[in-house]
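Notebook open, viewer running. I'm jotting down what I looked up, one stop at a time.

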Amino acid sequence: MADGSREAAARMAEAALAWLESLDTDQRRAASGPPPGAAGPAGAERTRWFYTPTDHGGLTFHQQRPHQHRLVMRLVASGLSEAGYTTVATVLGLENVLDRTEGFSVNWGRERTRDPGMYYLRVFGEPGGAQPWGWRFGGHHVSLNNLVADGRVAAATPCFLGADPAAAPLLGGAALRPLGTAEDLARELVRSLAPEAAARAVLLPRAPNDVVAGNSARVGDRVVRRSELWRPGQHVPDRAGHPVTGLYGTDQRALALTPAPKGVPGAALDAAQRELLRALLGTYLDRVPDGVSPLPRYDDPAALDAVHLAWAGSTAAGEPHYYRLQGPRLLIEWTNVHRGANHAHAVWRDPETDFGGDVLAAHHAAHHRAGPGTAPPAP
């Protein structure tokens with residue numbers, strides 16, 4: 001039987017090597033990072049991620065030739081399903097739509113603010129070798145993070161996609177909604193709940209301004225501040241010291257992440273609602289290729305039982321809202337609040353192994369056992 005994770009890892013290595021070999025010395029310096037698990041600030045950079053239009057770290061499209069752009073997108077495609085790749089490519093193009101929405105007038109002190117060329121790629125370590133390696137692609141509303149260890153894709157989270165505008169008109173009366181199904185299925189599910197279950201699911205009558213976990217390196221109960229969404233020295237947001245959620249006091253505590261998930265569990269749903277829940281999971285977990293996606297895990301009824309749905313804000317279409325799905329090795333968060341509820345954020349995380357931290361520890365334990373007088377590997 002084919003091993004989809006190994007096949008995806010091989011495609012990633014081939015694409016990453018082709019891109020790196022196309023770069024000159026200066027380009028390669030910006031494009032390369034230390035191997036996963038390296039100590040110090042340089043090693044910590046791999047787990048620093050953003051979803052705002054800030055410096056994500058790496059080589060931008062602007063710093064490359066068109067033939068290199070194609071190699072970038074080949075690597076991006078290697079880590080995504082066909083539908084995932086189409087969605088990512090659409091989100092990149094939305095920068096031009098957003099520029100028009102804002103009257104081509106937003107100025108944050110750089111040559112172009114809404115810029116489809118300001119997406120960054122960096123490779124960490126040596127692709128295809130015996131040691132773990134990884135890559136990160138990101139820019140406004142995209143953050144893809146992949147770790148390969150022992151010839152398999154060991155981690156593909158955090159995986160963030162956004163859309164601004166979340167809905168835009170197309171010719172013939174159609175609408176472009178790159179993340180629309182993730183919104184529609186969740187709303188259908190929460191509106192289908194019986195009153196008792198709905199009261200359990202809806203944690204707060206108002207929606208937070210952003211996903212609760214923000215761009216934290218590790219999922220926890222720490223309050224993330226708006227300033228953390230931007231690389232130091234880049235654009236300073238309004239209310240920089242305020243929580244990304246805009247929530248305080250009892251509202252903040254009501255929506256705070258806790259080890260025991262809040263909301264209504266899959267075990268309390270009927271058969272039709274469970275089908276909606278699994279389909280909703282698919283809109284996130286099917287971003288990545290077969291063999292990498294953990295979606296088959298939820299064929300097990302017990303796994304689906306443990307997924308909790310929590311909601312905040314209105315359940316009416318077109319109004320600000322938030323939801324999350326939380327369970328073992330799962331955190332999905334969605335917001336659509338700003339620009340008249342036409343600006344969506346949708347992130348998938350694995351709280352236990354974002355960036356493959358536990359996988360790296362296991363790899364070092366198996367392959368780098370320290371002998372007498374030998375220093376252990378860097379964490």
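I started at Phe104, which counts as exposed because its relative accessibility is 58%; for the record, buried is under 20% relative accessible area, exposed is over 50% and partly exposed is in between, with a 1.4 Å probe and protein chains only. This is a predicted model, so local features need pLDDT of at least 70 and side-chain atom pairs count only at pLDDT 80 or more, while totals for chains, interfaces and linings use all residues. Residues are numbered from 1 along each chain as its sequence is written, and side-chain values use heavy atoms, with hydrogens and water left out.

Phe104 sits in the loop between helix 5 and strand 3. I checked its backbone: phi is near 50 degrees, a positive value in a residue other than glycine. Helices here are DSSP runs of H or I with at least four residues, strands are E runs of at least two, and both are numbered from the N terminus.

**Helix 5**

Next I went back along helix 5, residues 82–101. Its 20 residues reach 28 Å from first C-alpha to last, close to the 28 Å expected at 1.5 Å a residue; the expected span is 1.5 Å times one less than the number of residues. Where is the kink in helix 5 centred? I found it on Gly93, at about 30 degrees. The bend at a residue is the angle between axes fitted to the seven residues ending there and the seven starting there.

Buried residues in helix 5 include Thr87, Val88, Val91, Leu92, Leu94 and Glu95. I remind myself that an α-helix has 3.6 residues a turn, so residues three or four places apart point the same way. The cover over the buried residues of helix 5 includes helix 4, strand 4, strand 5, strand 7, strand 9 and helix 11.

**Helix 4**

Helix 4 has 13 residues, which should span 18 Å at 1.5 Å a residue, and its end C-alpha atoms are 19 Å apart, so the two agree. I listed its buried residues as Gln68, Leu71, Val72, Met73, Leu75, Val76 and Ser78. Helix 1, helix 2, helix 5, strand 3, strand 4 and strand 5 are among the elements covering them.

**Phe50 and Thr52**

Both of these are in the loop between helix 3 and strand 2: I looked up Phe50 and then Thr52. Phe50 counts as buried because its relative accessibility is 1%. Thr52 is buried as well, at 9%.

What does Phe50 touch, not counting residues up to four places away in sequence? Its list is Asp55, His56, Val142, Ser143, Asn215, Glu228, Leu229, Trp230 and Arg231, with contact meaning heavy atoms within 4.5 Å. Thr52, leaving aside neighbours within four places, is in contact with Gly139, His140, Leu229 and Trp230.

**Pocket and cavities**

The largest pocket holds about 550 Å³ of space. Of its 23 lining residues, Trp108, Arg226, Trp230, His338 and His343 lie nearest its centre. The search runs on a 1 Å grid over the protein atoms alone: a cavity is a set of points where a 1.4 Å probe fits but cannot get out, a pocket is an open set with protein on both sides within 12 Å along at least five of seven lines, and lining residues have an atom within 4 Å of a point. Grid points are joined across faces, edges and corners, and a volume is the space filled by probe spheres set on the points.

I counted up the cavities of 30 Å³ or more and there are four.

Phe355 is in the loop between strand 15 and helix 12. It is buried, at a relative accessible area of 5%. Its phi is positive, about 65 degrees, although it is not a glycine.

Last stop, the cis peptide bonds. Thr157 to Pro158 is cis, with omega near 0 degrees, and Pro158 lies in the loop between strand 6 and strand 7. Asp164 and Pro165 are joined by a cis bond too, with omega about 5 degrees; Pro165 is in the loop between strand 7 and strand 8.
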